[in-house]
Amino acid sequence: MESLPKAYEPAQVEQKWYQHWTERGYFHAEVDPARKPYCITIPPPNITGSLHMGHALCYTLQDILTRWRRMQGYNTLCLPGTDHAGIATQNVVEKQLAREGLTRHDLGREKFIERAWQWREEYGNTIIRQFQTMGYSFDWDRLRFTLDEQYADAVLEQFVRLYHEGHIYRGARVINWCPRCRTAISDIEVEHEEKQAHLYHLAYPFADGEGSITVATTRPETMLGDTGVAVHPDDQRYLGARERMLVLPLVGRQIPIVADEHVDPQFGTGAVKVTPAHDPNDFEIGLRHRLPQVVVIGPDGTMTEEAGRYKGMDRYACREQVVEDLRAQGYLVRIDDYVHSVGHCARCGTVLEPLLSEQWFMRMKELAAPAIEAVRDGRIRFIPDRYARVYLDWMENIRDWCISRQLWWGHRIPVWTCPDGHYTVTKTAPEACAECGSTELTQDPDVLDTWFSSALWPHATLGWPRQTPELEYFYPTDVLVTARDIIYLWVARMIMTGLKFVGEVPFRDVYIYATVQNWEGKRMSKSLGTGLDPLDLTAQYGTDALRFALTVQAGNTQDMRFDDGRRKPGDPIRAPVPEMSRNFANKIWNAARFVLMNLGEAPAGPLPAIPATPEELADRWILSRLHRTIAVVNQGFEEYNFDEAAKALYSFLWNEYCDWYVELAKPRLRAGDETVRAVLVHVLDQALRLLHPIMPFVTEEIWQKLPGTGESIMVSTFPAADAARFDEEAERRMQQVMDVITALRNARAEMNVASSRSIPTAILGAAAEETEALRPVAGYIQALARVEHLQFESPEAARAHRQALSASADGVQVLVPLAGLVDLEVELRRLADEIADTEKELKRVNGKLANEQYVTKAPAAVVERDRQRQAELMERDRTLRQRLELLKE
C-alpha cells in the first residue's frame with residue numbers, strides 16, 4: 001500500500017492537483033437536460049483589484065457550494081468573470097500616463113481606450129490567477145468580461161429597450177459630482193464620513209431695509225447661487241414676511257421667501273437658504289416654486305462666472321473669502337462648531353459637490369415593483385433574513401438612477417444627436433436621424449455607470465439577449481454570495497433586470513457573508529496597517545488552512561473578526577485561526593499515514609464490507625458519529641451555516657476519529673482485526689469527502705492513496721446520512737467510557753504521574769447494570785488510560801477507600817489508590833512549593849485590584865483579565881490544598 005510522506009507540504013501538492021483537475025475538465029459544465037443543474041455566477045471583481053480577505057471569504061464559500069453540489073451529482077457551473085470598473089480603471093491608466101507626463105486628452109479618446117485595453121491585458125487578470133491559487137473550481141472556459149463583445153451587445157440592448165419603453169430620459173438634476181474624477185457618482189457610491197466643520201449663520205436683509213432673516217449653512221460659498229429662502233407654511237413667525245423680498249448679501253440679487261413643507265421649523269431659525277443648483281433638496285423646492293437655477297461652482301470645483309468677483313477661485317478658497325467679506329459687511333451673525341456627514345467619492349476620496357447637471361437617468365419605481373414582490377412572496381430569500389428588510393426599505397423608497405458617467409472607459413451611451421436636438425437611440429451607429437433624417441449626428445460622449453452593465457450579469461453571461469441553451473438550462477441561478485454593501489448597487493438591480501428581460505428572478509437565494517475585520521474589530525486596510533494579504537497566509541499556512549480558517553468563522557453575523565495571531569502588549573495569548581487550521585490538516589495527515597501504514601500489503605481493490613451491526617462498541621460508535629456528522633455537514637451547507645459544518649468536521653476528525661477511535665484501534669490492529677482496518681479506511685474515506693469542499697488539496701492527496709478509490713475525490717459521491725447507522729446506545733456507552741478514561745488521565749496529571757508510567761490499579765464504583773456494560777470494554781479503559789488492573793466494586797465499597805484520588809464520571813465513581821503511585825515526601829514538597837508560588841502570585845493580583853486608582857484608570861479589559869486571573873488562582877489554591885490534605889492522610 002502506497003504511503004504518505006512524513007510531513008504534509010502544501011506547496012508540493014496544491015499546484016499539482018489544480019493542474020490535474022483543470023486538465024481533466026472537472027470544472028467545466030455543458031448543458032445536459034438529463035442532469036439537474038446548479039449554477040453560480042460569481043460577483044465579478046474589478047480588473048484593478050487584487051485578492052483581499054473579503055474576496056477570499058466570498059469566493060471560498062462559493063467554491064464550497066460548487067464542490068459540494070458537484071459531488072452530489074449536480075451539473076455544476078460556477079461561472080467566473082471580471083468587471084471593467086469604469087472609474088477605477090480610468091484612474092489607474094491616467095495615473096500611469098501622468099508618470100509619463102501625459103493626460104488622456106493628449107492621447108485622445110480612441111488611443112486612450114487602446115491604452116486601457118493594453119493595461120487590462122497586462123494586469124487585469126491578476127485576481128483570476130489568485131483565484132486559481134485559492135483552488136476555486138470555476139469554469140475557466142466560460143470566463144466573462146463586462147466589455148467583451150457579446151456582453152457589450154447585451155448592455156446596449158438593455159439601454160435601447162429601456163429608452164424606447166420610456167424608462168430612460170435625459171434631464172437636468174442635482175447629482176453627486178466628483179471634481180477629481182470629473183464625473184457623476186450615484187447616491188449609493190458615496191462614502192459618508194463624519195467631519196468636524198462649522199455652521200455659519202448669515203443675515204439676509206429685507207429689500208425694504210427693515211430687518212433681516214437669519215439662515216445657516218455649512219457651505220457659505222453656495223450662497224452666491226441662492227435664489228430664495230424657504231420657511232414652513234405653518235410657521236407663525238414668518239406669516240407677515242412671505243410677501244416681502246430679501247437682498248442676497250455680496251451679490252445684491254433680490255430673492256423671494258417661499259413656503260414649503262420640506263422645511264423643518266424646529267431647526268435653527270426655521271428659515272433655510274435655497275440653492276437649487278447645488279443641493280438636491282433645494283432643487284426640488286426650486287422646482288415647486290419655479291426658482292431660478294444659478295450654477296456658481298463648475299465641474300472642476302472652481303467658481304463660475306455666475307459667482308461674480310469670485311470667478312475662478314477654488315471652492316474652498318472662495319469659502320474663506322466669502323466668510324471674510326460677510327464679516328466685513330456685517331452679514332455674518334456667528335460661527336458654530338458643527339459635526340456633519342460629508343460625502344466623498346468612493347474611488348478617489350475627494351469631497352463631492354452637489355451639482356446641477358444634464359445627465360441620463362433611469363426611472364426606477366415601475367421596475368422596482370415586481371422586484372419588491374419577488375422578495376415578499378419568497379421567490380428570492382435573503383440569508384440572513386434581516387437583509388430582506390434592508391432591501392425592501394431601499395426599494396420602496398427608490399429614486400431615479402443617474403446612469404451616465406463622464407468617462408471614456410466603459411460602455412459608450414448609444415445615443416446620437418442631430419443639430420436640431422433629436423435623439424436617435426440604436427445599438428449601432430445610424431446613418432441618419434430617425435426623426436428628421438439629418439446625417440449630421442454626434443454620439444453622446446458619456447459612458448454608462450458600471451453598475452448598469454453588471455446589473456445584467458446572471459443572464460448576460462449565459463447568453464442573453466440571445467435565447468441560448470445555457471440561458472434556458474442554467475437560469476435562474478441558484479445562489480448569489482455577496483457583501484451587504486452592494487445590496488443596493490448590484491443585487492437589487494440584477495433582480496429588476498432579470499425580471500424585466502428574462503421574466504424570472506436571477507437567483508433563488510442571496511447569501512450575505514460577514515465583513516472580515518481584524519481581531520480588534522477594525523476594518524482591514526493595508527494603509528492603516530490592519531490588512532492581511534490572503535496569499536501571504538497561504539504561503540505561510542497552506543491554501544487549505546486559510547480556506548478552513550475563513551469557513552469556520554463564517555457565521556451569520558454581520559462582521560467576522562479574523563484572528564491571525566497578532567498581539568499587542570497585554571493581549572491574551574491565543575492560537576491564530578490559520579495556525580489552528582494548519583494543525584488540523586497535519587492532524588488528518590498523520591492519522592491517514594497511520595491508517596495506510598497499518599493496511600500492509602492490502603490488495604488494490606476495496607476492503608471487506610462493514611457489518612450492518614459491528615460487534616465492537618467502538619465501531620458502532622464511530623459509524624454513528626460519522627453519520628451524524630454527515631447530517632450536520634449537509635444541513636450546514638444547505639442552510640448556509642458554513643461555520644457549523646466546519647466545526648462539526650473539526651470536532652469529528654480531531655477528537656472522535658483521531659484522538660479516540662484511532663487510539664482504540666491500535667490494540668486491535670496489532671491483533672490482526674480486519675474489521676477495524678475496514679472501519680478505519682471507510683470512516684477516513686467518508687470524512688475526507690465531507691471535508692473536500694472546504695479543504696480540497698489535502699483531501700485529494702490523501703484520498704488518492706486509499707484503496708478502492710476513483711479518479712478524483714472531487715467527482716466522487718458526497719456522503720448522505722444513513723439513519724440506520726445512528727446508534728444512541730453506542731454513543732451513550734462510549735461517552736461513559738471516554739469520561740472514565742478522561743477522569744483517570746486527569747488523576748494522573750493531578751498527581752504528576754509520568755505519562756510513560758502505568759497506574760497499578762484503578763477502581764470503578766458502579767451499580768451492577770453499569771458494571772455489566774463496562775466490563776466488555778475494560779480493555780479500552782486499560783489501554784487508553786494506561787491502567788494495569790481495573791477493579792469493579794459497588795458504589796458503597798468504592799466509597800470506603802480513603803487513600804485514593806476520587807472523581808465522578810457519568811455516574812461512575814473513579815478512584816486511583818495512591819499507595820505505590822507517588823513518592824509521598826517528594827509530592828508533599830512539590831505541592832507545598834506550588835501552593836507558595838500560587839499564594840505569592842495571588843497576593844500580587846489582589847494588591848492590584850485593591851488599588852482603587854488602578855481599577856478606575858486602567859483599561860476595563862485589562863482589569864477584567866486581572867479579575868479572571870484572581871478567580872483562577874483562588875481555585876488553584878483550593879485544589880492544591882485539597883490534594884495536600886489527601887496526601888497527609
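The residues that line the largest cavity divide into five nonpolar, two polar and one charged. Here Ala, Val, Leu, Ile, Met, Phe, Trp, Tyr, Cys and Pro count as nonpolar, Asp, Glu, Lys and Arg as charged, and the others, Gly among them, as polar. The model is predicted, with local features needing pLDDT of at least 70 and side-chain atom pairs pLDDT 80 or more, while totals for chains, interfaces and linings use all residues. Residues are numbered from 1 along each chain as its sequence is written, and side-chain values use heavy atoms, without hydrogens and water.

The lining consists of Gln158, Met362, Met364, Trp401, Ala455, Arg493, Met496 and Thr497. Helix H15 (residues 487-501) gives the most to this lining, with three residues. Helices (H or I, at least four residues) and strands (E, at least two) are DSSP runs, numbered from the N terminus. The volume of the largest cavity is about 40 Å³. The count comes to one cavity of 30 Å³ or more. A cavity is a set of points on a 1 Å grid over the protein atoms alone where a 1.4 Å probe fits but cannot get out; lining residues have an atom within 4 Å of a point. Grid points are joined across faces, edges and corners, and the volume is the space filled by probe spheres set on the points.

Aromatic pairs number 38. Rings of Phe, Tyr and Trp (its six-membered ring) pair if their centres lie within 6.5 Å; planes under 30 degrees apart count as stacked, over 60 as edge-to-face and the rest as tilted. The rings of Trp68 and Phe637 have centres 5.6 Å apart and planes at 65°, so this pair is edge-to-face. Trp68 lies in helix H2 (residues 53-71) and Phe637 in helix H19 (residues 617-638), so the pair ties together parts 569 residues apart in sequence. Both Trp68 and Phe637 are buried. Buried means under 20% relative accessible area, with a 1.4 Å probe and protein chains only. Trp68 and Phe637 also belong to one aromatic cluster with Tyr511, Tyr640, Phe642 and Phe718.

Asn75 lies in strand S2 (residues 75-79). Asn75 counts as buried because its relative accessibility is 4%. Its side chain makes a polar contact with the side chain of Tyr473 (3.1 Å). A polar contact is a pair of N or O atoms within 3.5 Å; within protein, one must be able to donate a hydrogen and the other to accept it, and residues adjacent in sequence count only if both atoms are side-chain atoms.

Definitions and conventions. Buried means under 20% relative accessible area, exposed over 50%, partly exposed in between (1.4 Å probe, protein chains only). On a 1 Å grid over the protein atoms alone, a cavity is a set of points where a 1.4 Å probe fits but cannot get out, and a pocket is an open set with protein on both sides within 12 Å along at least five of seven lines; lining residues have an atom within 4 Å of a point.
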